[in-house]
Amino acid sequence: MTADTSNSSGLTYAGTPFSTPLRDVRALSRQMVGHFVDTVAPCRTLPGDAIHGDVTAITRVCLELAISMLDGADVPEKTRKLEDTAAQWAREGVPIDTIHHAIHEGFRLGLDLVTTSATNSYRRITEGDEQMLVLRSGDYDNLVGAAKMVVDMLDTMTTAVSKAYVRELRSVVNEHHTAVHTLTSALLGGHSTSTMARECGIEIAERYNVLALAVPPHPEESSPMVDGSVVARRKLRRIQAAIATDHAGETILSLLSVDGGTLLIPASDDVDLDELLAALTQAAQVPITATVVTATTEEIPAAADRAHQLLDMVHRLRLVRGLYRFDDLALEYQLTRPGPGREHLGTLLDPLDPHPELLETLQRHISNNLNRQRTAHALHIHTNTVDYRLKRIATLTGCDPTHASGLWYLRSALVARSYRHTAHLPTPITT
């Protein structure tokens, strides 16, 4: 294969085109590839078909592009060809560092050939003539232009390859993300997943920890100085990145939005759920609340529904943010089931309606595990005031929160009452 030499508007030196020593593309590419195998470490680890196929192809494409740029020929067409070829390498898994190593090493070889050829040409025309030991008219400008052209060539080639790889990577990631999204949706919907799992390269586990997540807004989402939607999306991307970089990130399936969602984590994986939630909270830069239910693959839809019901209950009861397992809230969960028992318990706190400060104190006190100091600090009151309000609650409701039986009824009443008031769910306590 020989490059087209019809274009005479390119750079010359001593009357000879700079591209002359590069024109036998086929022979030169074979020579360069042999050199790559001997000197470029990443190339030595490639299989033979990649060396003689992909690496040889990139060498030829880059040589053609270099000749075109030196001769002033059609560069965009060659650049598109390089991008298309690089995209194919990306799809076939050829490492991008190998490609860049080959390009740079090829430049060294090509530059040696060009400079040697130019030197020999100059020596021929000046031989025996001391007066000619100066640059011919225009040669200096062409020499400077060629030096700049080398930088432009390297920029064009590395940019084309990098763009192609990034574009292909994004395409692959999007395809994988879509496939995983579909697989997760199928598992949550109770549909067959075997075909989708094979396409994603993910093995379906026998049992899963189903996590329901609630992600509160980042403080900057409400700032008038920034775009809240951008802040929310960045928060979501940080959470997704934290999941991906976890040691079991490849097996965690997720359906997430900026305010929460669902995670499916194989129960067989050695994942510390408390540590995972802490990592996600750190990434999100806001305190995340989660509930978890463990289930077989077939039970995932019901488990996810139960996990989100538990999460709803955590919000209604204004519990401290953190990770809650079904065992932690089994009693409260049962109390939320419709029936006369829930209706009766829901009316137990009606005498506190004219005294919202008493109801707030009861909610805080229970959420703080009956810690008077923490309750007083949260409400900005003295601990004696907390004691006084607890006594008033006992008088008005007939249930003493300082006694186990009274506390049980009051806590149960809070659970039942929360399902009588659904217009506004209070925010969980953060500390």
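## A tour of salt bridges and cores

Select Asp312: this residue is partly exposed, with a relative accessible area of 21%. You are looking at a predicted model. The side chains of Asp312 and Arg316 meet in a salt bridge, 2.5 Å from N to O. Arg316 is buried, at 11% relative accessible area. Show helix α10, residues 300-316: both partners lie in it. They sit 4 residues apart, about one turn of the helix.

**Next stop: helix α13**

Select residues 356-367, which form helix α13. Pick out Glu360 and Arg364, again 4 residues apart, about one turn of the helix. They form a salt bridge, with the closest N and O atoms 3.2 Å apart. Is Arg364 buried or exposed? Arg364 is buried, with a relative accessible area of 17%. Glu360 counts as partly exposed, at 24% relative accessibility.

**A bridge between elements**

Select Asp274 and Arg325. Their salt bridge has its closest N and O atoms 3.0 Å apart. Asp274 lies in helix α9 (residues 273-284) and Arg325 in strand β7 (residues 323-325), so the pair ties together parts that are 51 residues apart in sequence. Colour by accessibility here. Asp274 is partly exposed at 41%, and Arg325 is partly exposed at 32%.

**A linked group**

Select Glu83, Lys163 and Arg167. A network of salt bridges links these residues. In total, the structure holds 9 salt bridges. As a rule, side chains of opposite charge can pair when their charged atoms come close.

**Into the largest core**

Turn to the nonpolar residues. The largest nonpolar core has 48 residues. Start with Leu253, Leu264, Leu349 and Leu362, which have the most contacts inside it. Then show the elements that each supply at least two residues of this core, including α6 (139-189), β3 (207-214), β6 (289-296) and α16 (404-418). Which element gives the most to this core? Helix α10 does, with 8 residues. Colour residues 205-336 as domain 2 and residues 340-421 as domain 3. Both domains give residues to this core, so the core lies between them.

**Last stop: another core**

Select Ala87, Trp89, Phe107 and Tyr165. These are among the 29 residues of another core, which lies apart from the largest one. In soluble globular proteins, nonpolar side chains tend to be buried together.

Methods: Residues numbered from 1 in each chain as written. Predicted model: local features only at pLDDT ≥ 70, side-chain atom pairs only at ≥ 80, totals over all residues. Heavy atoms only, no water. Salt bridge = Lys/Arg side-chain N within 4 Å of Asp/Glu carboxyl O. Buried < 20%, exposed > 50% of the residue type's maximum accessible area, 1.4 Å probe, protein only. Core = buried A, V, L, I, M, F, W, Y, C linked by side-chain atoms within 4.5 Å. Domains from an automatic or database assignment.
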